[in-house]
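Student: Could you go through this one with me, one part at a time? I have the sequence and the model open.

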Amino acid sequence: MSEIQVKNLHKSYGDIEALKDISFEVDKSEIFGVIGPDGAGKTSLFRILTSLLLPDSGSVMLAGLDVVKDYDKIRKIIGYMPGRFSLYQDLSVEENLNFYATVFGSSIEENYDLIRDIYVQIEPFKKRLAGKLSGGMKQKLALSCALIHRPEVLVLDEPTTGVDAVSRVEFWDLLHKIKLEGITIIVSTPYMDEAARCDRVALIQKGEIMSISKPEAIHKGFTRILYELSPGHGAYRLLKNIRNEEWCANAWLFGQSVHLTLDTNKEETEFLEYAKREKLSSKKITAGIEDTFMELMRKA
Amino acid sequence: MKRYWGFVIKEFYHIFRDFRTLLILFGIPVAQVLIFGFVVSNEIRNIKISILDYSHDEVTEKITNKIISSGYFELYSHLTDYSQIEPAFRTGNVKEVIIFEPGFSSKLGKTGDAALRIVSDASDANTGRLITSYTQGIVMNYLQELMGQNTSVPFTIDTRTRMYFNQGMKGVYMFVPGTMAMILMLISALMTSISITREKEMGTMEVLLVSPLRPIQIILGKVSPYIVMAFINAIMILILGNFVFKLPINGSLVLLLLETILYITLALSLGIFISTVAKNQQMAMFISMLVLMLPTILLSGFIFPIENMPEILQWLSAIMPPRWFIIILKNIMIKGTGILFIWKETLILMGMTSIFIGLSVKRFKIRLE
């Protein structure tokens, strides 16, 4: 049986539908990524998972427990890291950790082996106030606090937002170690590149799940022709120009370059003629997660 | 139990690490007691007066001396003409002018009827009324002394007044209990409501909710440190009242402290209730100030007597916890009475406490929204 089962979940705030018929399952000790832009419904979903919000309809089972009925039991077995690091800014690193440990009926010593890898990195600063830590440090402390009672399910809402690139990589390394302890992890992120570090990924947009697959399989759903155009500079002007062309199915900015999708071979030849005329450097590429996501968004 | 202590220790860290919290907790109460004790006072002392004496005889000199040596008044200047009276008031230096008619002494001796006019500055109505009645009292007093020598008047009624419980008519007897009720209410309700809403604002409440802590544990953990703080405050105010303003504690100190703890608990439960209504710190502060501070000052009988209020406001004042606490305080401290005389007020406070605790626990959300 799956560790997390979400069935036909609906949630709306007034007229706004935050979640529309969400269903998915997560296996035990799996890292399940929920990826989508801001406002896609990630936080609402996670708050329902952690029993902080009531769904309008549908059901969520965590480790065989219903999040609405058995909320008090659920709260003993989950570790939760909200979008904003919920640390007490005026308490030191050690005091924060101690507090969360006692609140969850545990102690630092009891589960030290679980958090050791993370905690050794922040231990030199254990007397420092949490408010004075860097973003990466805060994130590691918040993760330690969420893990201190050895939860069965770890729910992380955008843990890497506002954290530097090096810390992000380290953080994902840590998640993979935690996973080995048999802990199920569900994590959301707005960063497409982090999808590759998950075991499975759900792409979510406007409250709907558009696809669930292994990260390496995501772009298999991408069946169109994809070109990368490198104009050197003036990428935005180029984007505007080619969007007016008839053969252009979809185009978007990708860093300094422009990605372009084409539906048919006929369109491809038309584009190649255009590229020759305009002396555009272009190359055919295979789709990444972000490309797939942009395509899915267009369909939705 | 271990969870509870963990929570309490955390709360103490918050209190002691925030300079502003400490200032509100300990600076403001001391300042307010001193300010209310010294400044807000309706006692008459060293009121500046001028004398316009058209007679300049032995009797007018005597009356003048008697007035000035009473301690209530201080001679500012001698005037020589009516026209100087208004300018004297306008400058604001003089609050009262006493005018003796020409030939005061001889008229008094011959006809037994002499005119003394008191003109007072009534821009402050209460003070105006008070100083004229004080002056009249002194003049009457002089007259009685005069009649004592002169036995030709057969009957006199000698009125002797005695002010029970507060012989010196000191304002602090009024202000210390009132200030104490106000400060304890404000500190307790304000601080708890702010500290709970701060958790909501910082997002830490989300994790506390997800933790196995029960609402009652969160509430108790939040409240207990403030019970201690507010109790220390109450003792500080009592010590200040006793040493600085010589306010006695005639009744049982134990009873007084027990009633204080009851009142603090009430104020704290009110604070928790506010925090379940308010979404952020600012709103909590606003509600605490508006709903608690002004009514406490205006409607509790702290400054204005309840008996003089319109009936609807009297009813409103009945739901103000400070009103009952002030009665209890005055009974114990000044009248020295025991529980037999204040059981009704105590019961009212207990009832209010249980209502607010019940409401808070019921309204305390186990989820977001």
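Student: In what order do the four strands of the open sheet in chain A run?

Tutor: The order is β2-β1-β4-β5 in chain A, and the pairing is antiparallel. Helices (H or I, at least four residues) and strands (E, at least two) are DSSP runs, numbered from the N terminus, and two strands pair if DSSP finds at least two bridges between them.

Student: Which are the edge strands?

Tutor: They are β2 (16-26) and β5 (65-66) of chain A, each of which pairs on one side only. In the case of β5(A), the pairing is with strand β4 (residues 57-62) of chain A, in the antiparallel sense and over two bridges. There A:L62 stands opposite A:L65.

Student: What holds strands together in a sheet, in general?

Tutor: Strands of a sheet pair through backbone hydrogen bonds, and they can do so either parallel or antiparallel.

Student: Before going on, what should I know about the model and the numbering?

Tutor: This is a predicted model, in which local features need pLDDT of at least 70 and side-chain atom pairs count only at pLDDT 80 or more, while totals for chains, interfaces and linings use all residues. Residues are numbered from 1 along each chain as its sequence is written, chains are lettered from A and ligands numbered from 1 in the order in which they are written, and side-chain values use heavy atoms, with hydrogens and water left out.

Student: OK, on to β9 of chain A. How many of its residues are buried?

Tutor: Five of the six residues of strand β9 (residues 200-205) of chain A are buried, so this strand is mostly covered; buried means under 20% relative accessible area, exposed over 50%, and partly exposed in between, with a 1.4 Å probe and protein chains only.

Student: Which strands does β9(A) pair with in the parallel and the antiparallel sense?

Tutor: Strand β3 (residues 31-35) of chain A pairs with β9(A) in the parallel sense over four bridges, and A:F32 stands opposite A:R200 there. Strand β10 (residues 208-213) of chain A pairs with β9(A) in the antiparallel sense over five bridges, with A:L203 opposite A:S211.

Student: And what's in the turn between β9(A) and β10(A)?

Tutor: The two strands form a hairpin with two residues between them, and A:K206 in the turn has a positive phi of about 50°.

Student: Changing topic: what is the secondary structure of chain B?

Tutor: Chain B comes to 14 helices and four strands. The radius of gyration of chain B is 28 Å, well over the 21 Å that the globule rule gives for 369 residues, so chain B is more spread out than a compact globule. That radius is taken over C-alpha atoms, and the rule is 2.2 Å times the number of residues to the power 0.38.

Student: How do β1(B) and β2(B) pair?

Tutor: β1(B) and strand β2 (residues 73-79) of chain B pair in the parallel sense over six bridges, and the bridge partner of B:I49 in β2(B) is B:L75. Strand β1 (residues 47-53) of chain B is itself mostly covered, as six of its seven residues are buried.

Student: Last one: what share of each chain is buried?

Tutor: In chain B, 45% of the 369 residues count as buried, and in chain A it is 53% of the 300 residues.
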